[in-house]
Amino acid sequence: MNSRKAIILTAVVTLFFAVFFLFPVIMVIGEAFVDRDGGLTLAYFSQVFVNPVYLEGLWNALLLGVTSTLATLLIAFPLALLTHRYRFPLKSPLSALILVPLVLPPFVGAVGVKQMLGVKGALNAFLEKLGLMDPAAPMDWLGEGRFWGIVVMNALHLYPILYMNIAASLAHLDPAMEEAAQNLGCSPWRRLRRITMPLTMPGIFAGGAIVFIWSFTELGVPLVFDYSRVAPVQIFDGLKDLESNPFPYALVAVMLIISSAVFLLSKALLGRSRLGTAPRPKGRNVERVLKGWKGWAITLVFAGVFLLASLPHMGVILLSSATDWYGSVFPEQLTGAHYEEALGHPLVVPSIQNSLLYASGAMVVDLVLGLAIAWVIVRSTIRGRALLDALVMLPLAVPGLVLAFGYLALAQEGRAFSFLVGVNGNPAALLIIAYAVRRLPYVVRAAVAGLQQSNVTLEEAALSLGAPPLRMMKRIALPLLSANLLAGGILAFAFAMLEVSDSLILAQQAEHFPITKAIYALLNTLGNGYELASALGVWAMVFLGISIVGAVSLAGKRGGLFRM
Amino acid sequence: MDAIRADSIVKDFGDVRALNGVSLGVESGELFFLLGGSGCGKTTLLRCIAGLEEPTSGQIFFDGEDVTALPTHKREAAMVFQSYALWPHMTVGQNIGFGLEERKVAKNEIAERVREVLEMVRMPGFESRGIDQMSGGQQQRVSLARALVVKPKCLLLDEPLSNLDALLRLEMRSEIRRIVKENGLTGVYVTHDQAEALSMADRLAVMDGGRVQQVGTPEQIYRNPRTAYVASFIGETNLLEAKVKNATDRQGVAVETDAGELIGRNTDDHWTPAPGEKVQVSIRPEAIRILPEGGQLEGRVVETMYLGESIQYRVRISQGVEMQVSEMNPRAVLEEGSRVGLEMQVEDVVVLRE
């Protein structure tokens with residue numbers, strides 16, 4: 001590509017990025033260090049570490065991040081290893097199916113879990129029926145174990161990210177390395193510990209960092225579980241009196257610093273190991289066919305993980321179609337009434353429309369930007385394209401909460417982004433950009449992978465036969481990239497549909513609520529709010545299910561989308 | 001006027017200088033070869049001509065017109081890629097018709113010309129085939145047809161035969177030359193295969209280290225190499241280190257090698273060897289006659305390789321100097337260890353500047 005065009009593209013993209021990503025983030029950090037009179041201060045910042053409430057919230061968030069990551073690894077590593085080493089019955093549908101939980105909104109699933117694990121929930125009813133629990137003194141599972149409930153929800157939601165990263169690392173591993181160890185007399189377990197594990201570290205670090213940041217800053221699940229002693233929820237609660245209380249800013253700044261540190265650390269470890277860049281061994285299949293009960297045992301493990309991960313959402317489906325589900329294992333009677341009622345509720349239909357609008361807007365923005373960025377990264381030779389590559393990955397390190405916070409502050413009257421707020425405080429433009437910025441890395445990765453796979457001479461041939469660059473894009477480059485772009489775009493769409501932080505913070509009026517905020521609002525309504533929320537959740541899952549099945553079947557190659 | 005002219009082309013990739021002031025001209029209707037080892041800059045030069053790379057400095061002219069700043073798609077220089085670069089989402093017919101569509105040719109004329117060109121590359125009726133339904137040789141022909149059909153000002157070929165097996169490569173050599181000549185095209189052809197260049201080229205440029213070493217017809221290059229690099233890259237040769245003894249000998253240049261005294265000729269008009277100057281001497285193996293005794297040099301056969309139509313001997317001359325000698329149509333094989341004499345004509349002994 002012509003370097004002048006590349007430089008212009010880079011400049012435009014960088015400007016967009018600077019305005020809508022760096023600026024709000026820096027602004028948030030700035031607010032944390034500026035006092036009421038505009039002077040620099042460390043008071044708020046240090047207060048966070050003195051105030052026992054905030055300190056506890058941060059500590060809990062950190063603990064949540066670490067334990068969720070470990071729990072995720074515990075699920076993901078064995079799965080990745082099994083699928084790398086063995087062929088077992090139903091392998092290909094199951095390998096696709098176990099990725100599905102990633103797009104089941106944990107926020108919605110939490111509603112189902114609450115129903116099942118509550119004092120009068122399904123689990124207790126089941127135990128009472130078996131006579132294992134005294135009906136007079138039921139166990140409050142979520143009261144005692146909210147923390148672990150969140151960890152389990154996070155792990156069951158996020159393990160696909162780690163799974164895909166580890167699977168990709170294993171696929172890049174030269175089988176000869178393992179065979180050499182075997183050949184030198186290394187037992188299978190020692191081989192796993194001394195050869196396979198160290199060589200998959202790039203995948204573990206890359207995925208682990210994303211999982212950590214995600215669960216460290218998770219807002220939705222703690223909110224549904226009423227777990228308020230964790231930093232993200234404290235920040236969310238602090239929004240109400242932001243004018244008088246600057247501490248949420250300081251808390252956000254601390255979370256940002258921790259997230260960035262983890263991100264940079266994983267990058268540094270990844271860079272030093274140089275394992276990530278090892279060339280892919282040529283088409284050697286190391287899968288062993290497992291026959292009989294051994295094969296089926298692995299099939300069972302995969303199916304079990306999927307069932308476990310989708311259990312909360314099945315709870316949601318049951319709840320949404322239950323006349324009454326209180327103190328019993330299963331709902332007494334099933335009904336479609338909630339769906340009907342939900343469609344008549346003033347929050348529901350507009351929220352679905354809003355979410356579709358916001359998410360598809362974000363997808364379009366991401367596709368245009370992602371393609372331009374990937375083009376510069378892969379096809380141009382300008383200096384600084386590696387920097388651009390690193391820059392667009394940064395949103396992975398920045399919690400949604402931080403960005404949402406920055407946008408909220410900048411959208412106030414008289415601030416830089418106030419022009420983005422529409423009539424009656426319509427947050428559409430704001431939400432579209434916020435969604436787009438945070439999903440950009442996935443689309444860029446998808447487009448980069450596609451461009452790298454497609455030989456550049458295919459494009460050069462079109463130019464040399466007289467097609468001007470734009471025609472060449474339309475007739476050659478885009479058709480060849482379409483599968484990757486579609487996969488990346490649909491993923492961006494799906495994540496935007498179930499986004500929590502930006503949605504909860506930036507949408508203020510009921511008529512502008514996206515689905516997630518509508519669900520949150522319904523949960524706080526008396527009467528049948530839970531059932532209506534579930535019904536809306538099911539609607540959302542239906543939309544997502546359709547888009548994801550499309551994305552997975554188009555993407556072909558797993559792993560490319562979530563690699564750093 | 002040259003159809004294509006490169007004038008002092010320099011191309012840097014970061015700190016690496018791929019082309020270091022290359023100038024050459026390609027005449028209209030000529031099949032011109034760029035020949036050299038990997039990294040010599042030949043492909044970079046071709047890509048500069050195609051407009052796929054922008055020279056750091058220097059100019060490219062088509063028919064006397066400066067096209068250095070002209071983008072690829074306006075140059076009318078169709079390229080055949082080493083990887084063929086056939087678009088997998090289009091059929092054979094769509095691939096070939098692409099360039100015509102871009103030139104806004106009418107639909108029925110496109111169909112007609114696609115049919116014609118497929119006949120020319122001996123693949124009639126392949127229009128609706130998918131790209132992955134063809135063998136490497138067929139893909140090669142389609143990629144050639146795709147470039148030919150637009151009747152380009154010049155045809156650029158980047159190692160087009162390197163992915164084919166040996167037999168097919170031989171067949172395609174004459175095929176490509178026939179097509180280029182029949183259509184009166186100007187062609188620039190990049191290869192590292194000297195046999196390909198010698199057998200197909202009207203003229204060729206031998207490149208090394210980002211520079212053109214020598215330009216000429218295959219015969220000129222083979223018979224009159226001007227540098228040791230050219231002599232050893234094109235064909236096989238024996239290179240001996242030597243010192244000039246008498247530069248103005250009546251018969252030629254007399255030099256003293258480790259093996260003995262030889263008389264040779266100078267191929268470089270811009271150079272007059274001076275007595276005492278260090279030089280190299282190049283003698284082709286097939287230019288040496290092997291005799292039971294006599295000749296300018298004497299030695300002992302240390303290795304014999306029987307190839308049917310010829311025998312290749314490795315002969316050790318005194319003081320550890322060895323020479324390759326090939327004898328065509330051999331009637332008998334000399335045993336290893338036998339003493340032999342080597343005889344050569346003055347015009348086959350080329351004295352090269354160090």
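Into which domains is chain A divided? Chain A has domain 1 (1–25 + 336–564) and domain 2 (42–335), with bounds from an automatic or database domain assignment. This is a predicted model: local features need pLDDT of at least 70, side-chain atom pairs count only at pLDDT 80 or more, and totals for chains, interfaces and linings use all residues. Residues are numbered from 1 along each chain as its sequence is written, chains are lettered from A and ligands numbered from 1 in the order in which they are written, and side-chain values use heavy atoms, without hydrogens and water.

**Where the domains of chain A meet**

- In chain A, 42 residues of domain 1 contact 49 residues of domain 2 (heavy atoms within 4.5 Å).
- The area buried between these domains of chain A is about 4,300 Å², and carbon and sulfur atoms give 78% of it. Buried area is the accessible area (1.4 Å probe) that two parts lose on being put together, summed over both.
- Zero salt bridges are found across this interface of chain A (a side-chain nitrogen of Lys or Arg within 4 Å of a carboxyl oxygen of Asp or Glu).

**The domain 1 side**

- Helices H14 (337–344), H17 (400–410), H21 (501–506), H22 (515–523) and H23 (529–555) of chain A each supply at least two residues of the side of domain 1 that touches domain 2. Helices are DSSP runs (H or I, at least four residues), as are strands (E, at least two), numbered from the N terminus.
- H23(A) gives the largest share of that side, 10 residues.

**A hairpin in chain B**

- Strands E9 (residues 203–208) and E10 (residues 211–216) of chain B pair in the antiparallel sense over five bridges; pairing requires at least two bridges found by DSSP.
- Asp208(B) has Arg211(B) in E10(B) as its bridge partner.
- Two residues lie between the strands of the hairpin of E9(B) and E10(B), where Gly209(B) takes a positive phi near 55°.
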